[in-house]
Amino acid sequence: MENIIEIENLHFSYASEDEKEAAPEVLKGIDLTIKSGEFVAVLGHNGSGKSTLAKHMNAILLPTSGKVTVDGIDTADEERIFELRQSAGMVFQNPDNQIVSSIVEEDVAFALENLGVPYEEMRRRVDEALKDVGMYEYRMHSPSQLSGGQKQRVAIAGIIAMCPKCIILDEPTAMLDPKGRKEVMATIKRMNREHGITIVLITHYMDEAAQCGRIVVMDKGRTVLDDVPEKVFSQVEKLKSIGLDVPQVTELVWELRKAGYDVPAEIITENDCVEAILKLFE
Amino acid sequence: MLRDITIGQFFPGNSIIHRLDPRFKIVITLLFIVMLFSGGTLLCLGIGAVYTFTAIFLSRIPLKMFLKSIKPLLPFLIITAMLNLFLVSSGELLWQWKFLKITDEGLNISIFMIIRIVLLIMGSSLLTYTTSPITLTDAIERLLSPLRKLKFPVHELAMMMSIALRFIPTLIEETDKIISAQKARGAEIDTGSFINRARNLVSILVPLFISAFRRADELATAMECRCYNGGSGRTRLRQLKSAPRDYAALAVTILFLAAVIAAGKLLR
């Protein structure tokens, strides 16, 4: 599989107002490659640099040093910036602040309008994108009539309409209620499974990260863990040391192991956990 | 309490007036205003009234709504009528008290002005009642698009207007939240002296502005992420197509305008 995102030795610091004093580095040398079709969660505490990293994947921020390549395009290449943003769409945390139009279907069409897509094709792609996220019946609604989860799905539809190869979601569920979170996660997973779109999900929810194929854990501007969820969550002490919680299931398994019971360390689903505990009783 | 504020006051519907091309509706409304002001006789005004009420009837929006639209302008109407009534000194004297005089001509003019303004308000309300604000913005952008050649930022203005419309409900909701939050902290917003209330308004406006700027910043980033690059080379999902009924409506309006002008000129 080809790499869709390649990050080499990425350093970044926000330009400081005071020239003499060097601004603190937010990202301190990140190396990361993401393969096409992967479903990756980037997990980290507030201030770990995970959102800053996400903004580099869409050329909203450019590296202070190092290199970021998305779909073969260097993010520093200003001439190809729209090409890049078309193949790597970005969804933000606050659904209200990324919806441009007062009518759902026109908001989904916004990117296509900007790209100058002809009417017939635009109509088809907008309808498809709305059906994909399950918001087709709401196409003539005003965003203010929708719930947070619905708004976020409209925002996702606006990105899908561009036919991107990759979607970067920067804490898309942070402002939603549990129902909205479920809707959005289900939509993202379906996009990955059915359309083969690469997903980079920035989150601080453990249960969301556990649903991904791979987890990258960040702390203080560095990647500290990078593996499948089972392996990442088995490192309970390391996660706790950087201020992250582990899913309840993992915590239970960890406590059991500490107490000397023989359960496998790599359990992340409730069902596996129940089975492992039942086995103990046998 | 702020939720009651409606801007543009659009009544969704499917009448013939609703379905007219918004570009034509704007032009027709402008012609309608010309119509009301081009004839100086009661007959002219009568023709204008027939036109207004026919259009209102066709829109299938209750007349009550149009009467409501006059209400906020009532003080203005009364002042206009008073000024005409007392300041016109020509004509036959009808009534006098110290320096106040009413003449028959003054009475005529003030009644005339009231009818004219009422028709004007009702007729132009019809435009906003039957056209959604976003469609209206779109139509204005297209009508003004020739000005782009003169480097007039037509697209940018329309984009600003539509974003403003999009964020009105969001900001109203936010204002409600801030008011509740400040009340919970003991701010007097509904009570206290006028000056105190005005001062407390600052505690609502400052957070509202800060949040609006933050929203603007995030929205700009989100727009860039969706390849927004100004107005050049854009295509539109919303297609405006003029139908025969649009030309028919325009023709009828022009006919009425001609009739008013003729009535003003010939039957003096």
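Which elements of chain A do the buried residues of α5(A) pack against? In this predicted model, the buried residues of that helix pack against β6, α3 (104-115), α4 (119-132), β7 and α6 of chain A. Helix α5 of chain A covers residues 148-160, 13 residues in number, and it reaches 18 Å from its first C-alpha to its last, close to the 18 Å expected at 1.5 Å a residue. Twelve of the 13 residues of α5(A) are buried, so the helix is largely enclosed by the rest of the structure. Among the buried residues of α5(A) are Gly149(A), Lys151(A), Arg153(A), Val154(A), Ile156(A) and Ile160(A).

From this helix the reader can turn to the sheet of chain A. It is an open sheet of six strands in the order β6-β7-β8-β3-β9-β10, with mixed pairing. Strands β6 (88-91) and β10 (222-227) of chain A stand at the edges, each with a single partner strand, so one side of each is left without a neighbour in the sheet. On average, and with direction ignored, neighbouring strands of this sheet are turned by 20° against each other. Strands of a sheet pair through backbone hydrogen bonds, and they may do so either parallel or antiparallel. Strand β3 (residues 39-44) and strand β9 (residues 214-219) of chain A run parallel and are joined by five bridges, and within this pair Leu43(A) has Val217(A) of β9(A) as its bridge partner. Helix α6 (residues 178-195) of chain A lies across β3, β7 (166-170) and β8 (198-203) of chain A, and it runs at about 155° to β8(A).

In the loop between α7 (206-210) and β9 of chain A, the reader will find Gly213(A). Is this residue, Gly213(A), buried or partly exposed? Gly213(A) has 14 C-beta neighbours inside 10 Å and therefore counts as partly exposed, since a residue is called buried if 20 or more such atoms lie within that distance, and exposed if there are 12 or fewer. Leaving aside residues up to four places away in sequence, Gly213(A) touches Glu38(A), Phe39(A) and Val228(A). The C-alpha atoms of Gly213(A) and Ala41(A) are separated by 7.9 Å, although the two residues are 172 residues apart along the chain.

Chain A also meets chain B, with 31 residues of chain A in contact with 25 residues of chain B. On the side of chain A that touches chain B, the elements giving two or more residues are α2 (81-87), α3 and α4 of chain A, and the largest share, eight residues, comes from α3(A). By class, this side of chain A has 15 nonpolar, eleven polar and five charged residues.

Within chain B, two helix pairs can be followed in turn. Helix α2 (residues 22-38) and helix α6 (residues 104-130) of chain B pack at an angle of about 175°, with their axes 10 Å apart, which makes α2(B) roughly antiparallel to α6(B). Residues of α2(B) including Phe32(B), Ile33(B) and Leu36(B) meet residues of α6(B) including Leu119(B), Leu120(B) and Leu127(B), and by class this contact has six nonpolar, three polar and two charged residues. Helix α7 (residues 133-144) and helix α8 (residues 154-184) of chain B pack at an angle of about 175°, with their axes 9 Å apart, and they are therefore roughly antiparallel to each other. Their contact is made by residues including Ile134(B), Ile140(B) and Leu144(B) of α7(B) and Val154(B), Met161(B) and Leu165(B) of α8(B), and by class it has eight nonpolar, three polar and one charged residues.

Notes
Residues are numbered from 1 along each chain as its sequence is written. Chains are lettered from A and ligands numbered from 1 in the order in which they are written. This is a predicted model: local features need pLDDT of at least 70, side-chain atom pairs count only at pLDDT 80 or more; totals for chains, interfaces and linings use all residues. Axes are lines fitted to C-alpha atoms, for helices over the stretch in contact, and angles run from 0 to 180 degrees between N-to-C directions. Helices (H or I, at least four residues) and strands (E, at least two) are DSSP runs, numbered from the N terminus. Angles under 35 degrees count as roughly parallel, over 145 as roughly antiparallel, 65 to 115 as roughly perpendicular and the rest as oblique. Two residues are in contact if their C-beta atoms, placed from the backbone, lie within 7 Å. Ala, Val, Leu, Ile, Met, Phe, Trp, Tyr, Cys and Pro count as nonpolar, Asp, Glu, Lys and Arg as charged, and the others, Gly among them, as polar. Two strands pair if DSSP finds at least two bridges between them. The expected span of a helix is 1.5 Å times one less than its number of residues.
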